[in-house]
Protein chains: 2
Amino acid sequence: MNAAPGSTDVVVVGGGIGGLATAYALASSGHSVAVLERAPEFTEVGAGLQMAPNATRILKEWGLLDEVVRAGVTPRRMVYRDALDGSELTHLDLDDGFVRRYGAPYVVMHRSDLLSILARACERAGVRMVPDCEVTDVVTDGDAAIVRSARGEFRGGLAVGADGLRSTLRGKLSDDEPICSGYVAYRGAFPVEELGSRLDKAALDEVVAYIGPGRHLVQYALRGGEMFNTVAVFKSPAYERGERDWGGPDELDAAFAGSCDEVRQGIGSLWRDRRWPMYDRLPIPGWTDGRLVLTGDAAHPMLQYLAQGACQAIEDAHVLASGLGGGETDWTGAVERFEAERTARTARVQNTARVWGDIWHVDEGAGRMMRNELFRLRDPRDYKYVDWLYAKRDEPRV
Amino acid sequence: MNAAPGSTDVVVVGGGIGGLATAYALASSGHSVAVLERAPEFTEVGAGLQMAPNATRILKEWGLLDEVVRAGVTPRRMVYRDALDGSELTHLDLDDGFVRRYGAPYVVMHRSDLLSILARACERAGVRMVPDCEVTDVVTDGDAAIVRSARGEFRGGLAVGADGLRSTLRGKLSDDEPICSGYVAYRGAFPVEELGSRLDKAALDEVVAYIGPGRHLVQYALRGGEMFNTVAVFKSPAYERGERDWGGPDELDAAFAGSCDEVRQGIGSLWRDRRWPMYDRLPIPGWTDGRLVLTGDAAHPMLQYLAQGACQAIEDAHVLASGLGGGETDWTGAVERFEAERTARTARVQNTARVWGDIWHVDEGAGRMMRNELFRLRDPRDYKYVDWLYAKRDEPRV
C-alpha cells in the first residue's frame, strides 16, 4: 500500500462499509480513488448485519453478490414475535417469490465479512487503501478538495466524508449533534457449537425479532449457519433518570426479566463486556461543503430498527457513482444529482426507523394489543410495508 | 302513589334506568315490586344515551321497543373519525343487515325519554313508585330483606341495590371506591334550530365519534332529529398535576384546540356550566349480601367508551327476572344464577371499556398511526369486534 500523500480523482474519508462501497463503486467506474482510514486496519467491530434487497441488488450489479451470499446466510423468513409471550405476530417470506419481486435475496452476514469482501474488491479495482490516517480537515481550493491528514495532504476532485455517526467532517456544514435514543444494544456472535442447548435450532434459517415494551431481541445465523448472532436492545431506566453510567449489564438483565423463555435464553448469548448506545440524527437538507460530500452514517445516521444503515450507505455509493458516469469529472453536478436523489429517501428511512422502533417497543395494554392485532391481520403475502424500501423504484407504492 | 312503608316481593333501591328496568322486568313476571328513589322525582339529568341491540332486543321482548324507537333516532352508521384531521377511520353499518344480525336496532335517545318510558311501563305494571325516599341500610332478617329508609322499613324477599356508581349499598359487601380516570365529560343537547350553522346536517343520521390523543367528541341526533347531542371528553392536565379543581372549561378549550374544524365547532355545542368526571370500579367477584343484590352501576360501573352502562343494567334486569320465573320465590337461587351469568360478562365489558378508551385516546406518533391503520384496514362488514357484545349468545365469537 502506498501511504504517501498524493492526488486521486476522489478521496474517501473513512474505510467502513460505506466508505469502501463508495470507493469500490467509483473505482469500478474508472475513477482513481484513495480511502483514508483512521484505524490501523480495515476491520469492523460488531457482529451480524442484515442486507436487504435494495442493497444486495446493488452488490449483484457490482459482481459481489455471490461472494456475499457464500459468506452469509439467506434466511427463509423474517419472523416477528411478541417478546412477552413468544407468539408469532407476522412474518415476511424471504423465499423465491421475494427474490423475484425485488431482484435479489435477503442476506445476513458478519459485518467483518462484508468489510473484507469490500476491501478485497477495492484492492482488485485499484483503490489506494491508506490505513492509520486520521483526517483533520477537508477544504475546497478552486476545483480541488484538499484532505488534510496526519500523513499530509491528499488532493482530489471530490472528497467523500464517510466518517460515520460521529463524523467530524459533518461539522463543516451542520452543527447538529448525535441524538441519544436512551436505548442500548448488546450483541453476541458465537460459533453454533458453543451455544449448545441455548440455541433454538429451528431459528437457524430465520431472522427472528422478538418485540416488546421497551425492548427487543433479534437472532439469526451467520457464516452458512456456523455462527449464531444475537442482538438485544432496551430502553435504559438509568438514562431516563439522567445518570451518566447507564445501560449496564444489570439493566440488561432487568429489562428482559419479564420476557418469554426464548428471549431470556437469548440474553445468555450476548457479550456482556461491551455495548452500543443507539444514536441517530435528524435529516438535514444537504450534505455538501464545496468539494466535500457526506455519505452513509455521516450524512444520515439512523436507528437500526429497519436494519438499513449499511444498505443506505451502499445505495449512496451506487447513486453517487451512477451519477458520475465513467471518467466524468463534473463533480459539482454529480454531487447535486446525488443530493437530489438521496436526501428525501434517506430522510424517510431515518424517520421510519424511529417510528418502527416505537412500534416494536410500544407499551403493554392498548398499544401492544393494537400492534399485535395489526401484525396478525397482515397477510404474509402483502408487501406494502416494505415495497417502498426494497423495490427498485423509489416511489412508495403504498 | 303510596309512599307508606310496606311489604312487596322485591324492593328496588334506586329509580334510575337500571332500577326501573329491574322493577319493570320483575313486575311483568308477576312479582310485586316497590322502587325507592332518593330524589323527589323519577327524572334523569344528562343528555343522549346509546342503546345497542343487546339492550334493544330486551326492550323489544318487553314490548317497549316501538315507544323507544319513536322517542329516539335509529342512526344509519356509527362512524369513527380521527379528531386531529377529521378523516374517516372506519364505520359500523347500523342498517337492516345489522338489525337482522342482532335482532334489534341501534337507537340513540335522550336519557330522560328512556327513563320516562320505563317509569310509565312500571306504573302500568303496578310497580309501587316511592320518590323522596333515601335508603339508609338494607339488612337480611331470615328470609326477608329489610330496607330502612327515611320513610320507614320496606320489606321484601329480595332487595335490589340499583343505587349507581356511588352506591352506598355496595359498601355492605365491598370496601372499594370509585376510581377516577382523570377524564371529564361535557355534554350538550340542543334543539337543532338553535345550533344553526354549527350543526353538520350530514351527521343527523350518524353517530360520529372523533377520537384523538387524550380526547374525543361524540355527536348524534335525538328525538327524531329535533335535537342534537354532543359529548366531549378529555384528560385533565390539572388532574394529572394533582390539583383539586380540575377539568374546567378552560381545560376543555385547551384540550380540543389542536383538533380538526368539525371537532372545534362541536365544542361550541356543549353546556359549559356542568361536567361529569369519569369514574369506574374494578370488577368484584359477587354482588350479594344476604337478600341484597346489586345491579347496574352499583354492581359494575364502567367507563362510557362502549356506551354500555344503561345496556348492561337492562341486561341485568332481564337476566334477574328470567332467572326467577313467574311467581317463583327462590330468591337465593335466583340471585346465584344471576351472579353466575352476569359477573364474567360485565367484568369483560368493564375491562374492554377501559381498553377501548385507551385506543381512542392513544398518543400521536406510532400509537395513533397503528390505531388508524388498524381501523382503516377493518372491513366494514366485519362484526368480530362487536359480536361478543351485541349478539344474543354471550360466548365471544372472536
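Q: What covers the buried residues of α5(B)?
A: The cover includes α1, β3 (48-51), α3 (65-71), β6 (107-110) and β7 (128-130) of chain B. Buried means under 20% relative accessible area, exposed over 50% and partly exposed in between (1.4 Å probe, protein chains only). Helices (H or I, at least four residues) and strands (E, at least two) are DSSP runs, numbered from the N terminus. This is a predicted model, in which local features need pLDDT of at least 70 and side-chain atom pairs count only at pLDDT 80 or more, while totals for chains, interfaces and linings use all residues. Residues are numbered from 1 along each chain as its sequence is written, chains are lettered from A and ligands numbered from 1 in the order in which they are written, and side-chain values use heavy atoms, with hydrogens and water left out.

Q: Which residues of α5(B) are buried?
A: They are Ser112(B), Asp113(B), Leu114(B), Leu115(B), Ile117(B), Leu118(B), Ala119(B), Ala121(B) and Cys122(B). Just after α5(B), Gly126(B) has a positive phi of about 85 degrees.

Q: How do you know what the span of helix α5 of chain B should be?
A: The expected span is 1.5 Å times one less than the number of residues. For the 14 residues of α5(B) (residues 111-124) this gives 20 Å, and the end C-alpha atoms are 20 Å apart, which agrees.

Q: What makes α1(B) largely enclosed by the rest of the structure?
A: Of its 12 residues, 11 are buried, so α1(B) is largely enclosed. Among the buried residues are Ile17(B), Leu20(B), Tyr24(B) and Leu26(B). Helix α1(B) covers residues 17-28 and reaches 16 Å from its first C-alpha to its last, close to the 16 Å expected. Just after this helix, Gly30(B) takes a positive phi of about 100 degrees.

Q: Why is α2(A) called oblique to α11(A)?
A: Angles under 35 degrees count as roughly parallel, over 145 as roughly antiparallel, 65 to 115 as roughly perpendicular and the rest as oblique. The axes of α2(A) (residues 53-61) and α11(A) (residues 309-324) cross at roughly 45 degrees and come within 8 Å. That makes α2(A) oblique to α11(A). In α2(A), Ile58(A) and Leu59(A) are among the residues that meet α11(A), where the partners include Ile314(A) and His318(A).

Q: What makes α13(A) oblique to α13(B)?
A: These helices, residues 366-377 in each chain, pack at an angle of about 45 degrees with their axes 10 Å apart. That makes α13(A) oblique to α13(B). The contact (heavy atoms within 4.5 Å) includes Met370(A) and Leu374(A) of α13(A), and Met370(B) and Leu374(B) of α13(B).

Q: How do you know whether Ala307(A) is buried or exposed?
A: Ala307(A) has a relative accessible area of 18%, so it is buried. Ala307(A) lies in the loop between α10 (296-299) and α11 of chain A. Its phi is near 55 degrees, a positive value in a residue other than glycine.

Q: Why is Arg223(B) called partly exposed?
A: Its relative accessibility is 30%, so Arg223(B) counts as partly exposed. Arg223(B) sits in the loop between β14 (215-222) and β15 (227-235) of chain B. Although not a glycine, Arg223(B) has a positive phi of about 45 degrees.

How values were computed:
Axes are lines fitted to C-alpha atoms, for helices over the stretch in contact, and angles run from 0 to 180 degrees between N-to-C directions.
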